[in-house]
Amino acid sequence: MSASTLAGVLRPVRRGVLAAVRTARTRLGHLATLLARERRSLGIQMPLSRRLWLWRHGFTSRSHALFDVTPATRRNYLSDLQHERANDIGSQWDAVVNNKLTFQLLFGAFPDRLPDLYGVVYGGRVYRDYPGVVAPPHAGDQRASDPVEATADGGVGGTGAVPGDDATAGEWVAAALDAAGTLVCKPVYGSGGRDVLVCRRTADGYHVNGDRHSRSAFVDRVCALDCALVTAYVEQADYAARLFPDAANTLRVLTLWDPETDEPFVAGVVQRIGTRRSAPVDNWSRGGLSAAVREDGTLSAGAQWRSDRGVVRWYESHPDTGAQIEGTAVPDWPEIRSGVLELARTVPYLPRVGWDVLPTGDGEFVVFEANAHAATRTVQVHRPLLRDPRVRRFYEHHDCL
Amino acid sequence: MIRRLRDAWRTVRRPRQTARAVARRLSVVETLAGREVVSGVSLPLARRLSLWRHGFTSRSGVLFGVGPGDYDDYLSDYRLELVDDLGGDWGDVPANKLAGHLWFGASADRLPDLYGVVDDGRLYRDYPTVVSPPAGLDDRPTETADGGVASETLHEAGEWVLSVLDATGTLVCKPAYGFGGEGVHVCRTTDEGVVVDDDRVSRGAFVEWVDGLAATLVTAYVEQADYAARLFPDAVNTLRVLTLWDPETDDPFVTDAVQRIGTRQSAPVDNWSRGGLSAAVREDGTLSAGARWETDESHLAWYESHPDTGAEIEGTAVPDWPEIRSGVLDLARTVPYLPRVGWDVVVTGDGEFVLLELNGHAGIETLQVHRPHLDDPRVRRVYETYGAV
């Protein structure tokens with residue numbers, strides 16, 4: 001038998017084997033993820049029979065503490081396993097959405113909905129040849145909104161002049177910070193608020209997440225960044241600052257693309273609120289609070305996951321600031337909701353997105369990131385997702401249930 | 001019991017990194033083995049074993065004529081798979097053609113005009129690099145009062161694209177994700193109606209066809225420079241330029257460039273994997289003879305002139321090659337996080353060019369048929385610095 005006949009015979013066999021391997025690999029992947037999650041929640045106390053019951057129905061032990069999962073309610077909750085199955089939805093676009101630079105470019109037609117991008121720091125240099133990049137603002141300087149080319153200016157130091165693109169990244173960002181007063185460096189790849197640097201320039205130095213640095217220490221720190229976006233610091237709306245001023249308190253808006261109406265809808269939304277534990281970010285996994293945003297735009301009590309104890313704590317008022325949470329209104333919530341839906345409508349290839357949205361007042365907001373694999377626990381801690389027939393229809397359509 | 005489980009897990013966890021590295025290599029071997037099975041190349045077993053031992057598939061053995069004595073000068077299939085990881089997470093981003101387009105939006109004259117993205121019967125134009133539609137056309141098919149596209153206008157995207165085609169005469173539909181020219185269609189209007197690639201379709205069928213496309217970019221058709229059109233007029237004949245980022249100089253350089261030339265087999269694209277030719281662009285900008293992998297007979301054939309058009313290939317000059325080379329390097333300088341990029345550019349004349357796509361996982365066959373990739377000491381040093389060879 002010649003090699004080509006052999007190849008002809010083997011081709012369909014190979015295709016079948018590869019498909020089977022792929023399925024098995026996906027299932028093993030789900031299992032490994034759930035096992036890793038389970039490992040972190042084994043400390044949660046419950047009878048073994050309860051644990052086995054949860055496992056049998058696709059939940060990890062954490063769900064015992066997070067949700068009110070009972071034989072009667074379990075079908076209303078999106079289980080851990082069902083959530084993992086949803087990972088394939090729109091997954092081809094992950095590479096684009098998970099990258100904060102390409103995310104920013106993807107929504108570049110909505111510059112008001114994004115924090116201003118000053119540049120990208122990589123390997124100790126700053127790169128600014130991207131659409132939508134703006135010059136850092138400078139009090140009394142008309143160059144604030146000038147295009148990229150306007151930076152061929154050698155000035156370095158406390159003068160506020162932004163140096164040219166050939167300066168080291170540290171010098172460039174330090175000068176930008178001198179000019180702007182505040183800015184943010186966030187890794188191009190990163191989640192859960194990890195390694196986000198909120199930088200402030202005050203009379204006594206350069207502050208990074210509250211720690212004072214000398215200018216040279218700040219320059220070194222920026223030069224050491226792996227690959228990060230340098231963006232404007234965005235002031236949050238008053239109501240959000242009142243809740244907890246030391247973090248950007250974002251709304252997490254989960255949008256799903258309804259296969260029946262062929263339109264996205266908001267499946268769930270929570271107000272995330274930073275705490276002393278989570279500052280300078282508001283992430284749930286780092287001890288931030290999650291309060292449901294009700295239909296009328298008011299907040300429920302805030303839930304906090306205490307991973308060390310494996311329990312959920314509820315707060316009607318903020319544990320650190322004492323600010324009222326329960327009943328507080330998210331001003332102009334209907335405008336924010338329709339603004340987010342407007343963005344969601346432009347990306348049909350991303351049928352499921354968790355948007356991190358910072359309200360800035362008067363119904364305006366900026367989006368920090370879009371998560372194609374947004375976790376659902378901050379939403380489901382308030383109410384089971386699948387009770388909404390549209391949400392159930394979405395997950396059924398994508399074969400996750 | 002739970003505590004014991006937890007302890008057991010901890011001990012298992014440590015070698016995880018090793019396991020990952022092993023898994024990566026296994027998956028490379030699996031890929032290569034799969035390629036070997038379908039290659040259809042006939043070689044004596046001893047030669048095959050020798051190639052395998054040095055990380056080459058039988059196909060590469062035939063393509064490059066590699067053997068004992070110069071194994072080390074070639075980038076083997078095995079090494080290429082490992083080199084593929086150089087860009088890390090970034091490596092997968094360019095596979096999305098919309099992202100590739102947005103990336104270089106600051107150099108708009110280097111991009112084909114993007115009219116919009118169609119998906120499932122709808123038109124999307126809310127991207128920063130989208131150009132205004134030709135005169136007389138609205139931005140969107142139909143809008144509802146609140147700015148959203150009305151859901152009953154499901155067939156408007158196709159109609160809109162047809163009207164763009166009427167206004168421009170030609171356009172290209174290419175899927176956001178597609179490999180080796182797959183799914184790329186050149187559309188034209190002629191006196192007899194609409195032609196997609198070589199097929200004449202009715203206007204209604206065209207509209208329906210467009211409405212069935214998923215996440216597809218609608219762009220202008222780029223007219224290639226005369227020299228390229230003369231080589232083979234029925235395909236866009238692109239240059240493939242491979243750039244590497246040299247950590248020592250902190251600057252990219254061009255390792256190789258080849259002129260890809262379409263054939264009757266590959267039209268309307270020029271892809272090697274579909275039967276296109278590859279001719280090396282020499283330092284002085286002239287072309288070598290063109291190579292083609294003859295799938296039927298599984299061997300490499302060389303053409304001094306084009307097999308279909310008869311146009312001279314060997315010795316033909318790529319006009320203004322130095323300008324094109326430096327223009328590509330300018331683009332490469334803006335994406336330092338992609339240390340190895342294959343650029344597909346169409347030369348449009350007078351040293352100008354348009355970027356059709358960039359590849360974060362650029363293959364090596366079209367280049368190495370001409371000369372061993374690691375022969376150049378600078379190329380070897382860069383790969384060594386990255387720990388890839």
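Residues are numbered from 1 along each chain as its sequence is written, and chains are lettered from A, with ligands numbered from 1, in the order in which they are written. In this predicted model, local features need pLDDT of at least 70 and side-chain atom pairs count only at pLDDT 80 or more, while totals for chains, interfaces and linings use all residues; side-chain values use heavy atoms, leaving out hydrogens and water.

**View 1. Confidence in chains A and B.** Let us begin with pLDDT, the predictor's confidence in each residue, from 0 to 100. Chain A averages 88, and 91% of its residues score at least 70. Chain B also averages 88, with 91% of the residues at 70 or above. In chain A, pLDDT stays under 50 over residues 139-160, and in chain B over residues 142-155. Where pLDDT is low, the predicted coordinates should not be read in detail. For the complex, the predictor gives an ipTM of 0.83 and a pTM of 0.85.

**View 2. A nonpolar surface patch with residues from chains A and B.** A:Leu10, A:Val13, A:Val17, A:Val21 and B:Val37 make up this patch, with about 340 Å² of accessible area together. Patches are made of residues with over 30% relative accessible area and no salt bridge; like charges are joined within 9 Å, and nonpolar side chains (Val, Leu, Ile, Met, Phe, Trp, Tyr) within 5 Å. Accessible areas come from the Shrake-Rupley method with a 1.4 Å probe, and for residues only the protein chains shown count as cover. Helix H1 of chain A (residues 3-41) gives the most, 4 residues. Helices (H or I, at least four residues) and strands (E, at least two) are DSSP runs, numbered from the N terminus.

View 3. Look for B:Gln259 in strand E9 (residues 251-261) of chain B. B:Gln259 is buried because its relative accessible area is 0% (buried is under 20%, exposed over 50%, partly exposed in between, with a 1.4 Å probe and protein chains only). Its side chain makes a polar contact of 2.6 Å with the side chain of B:Tyr227, and reaches the backbone oxygen of B:Asn237 at 3.4 Å. A polar contact is a pair of N or O atoms within 3.5 Å; within protein, one must be able to donate a hydrogen and the other to accept it, and residues adjacent in sequence count only if both atoms are side-chain atoms.

**View 4. A:Asp320 in its loop.** A:Asp320 sits between strand E12 (311-315) and helix H10 (333-344) of chain A. With 28% relative accessibility, A:Asp320 is partly exposed. A polar atom of its side chain lies 2.7 Å from the backbone nitrogen of A:Arg276.

**View 5. The salt bridge between B:Arg378 and B:Asp246.** Here the closest N and O atoms are 2.9 Å apart. B:Arg378 belongs to helix H12 (residues 377-385) and B:Asp246 to strand E8 (residues 239-246) of chain B, so the pair ties together parts that are 132 residues apart in sequence. B:Arg378 is partly exposed at 29% relative accessibility, whereas B:Asp246 is buried at 0%. A salt bridge is a side-chain nitrogen of Lys or Arg within 4 Å of a carboxyl oxygen of Asp or Glu, and the structure holds 45 of them over all chains.

Terms used: Contact = heavy atoms within 4.5 Å.
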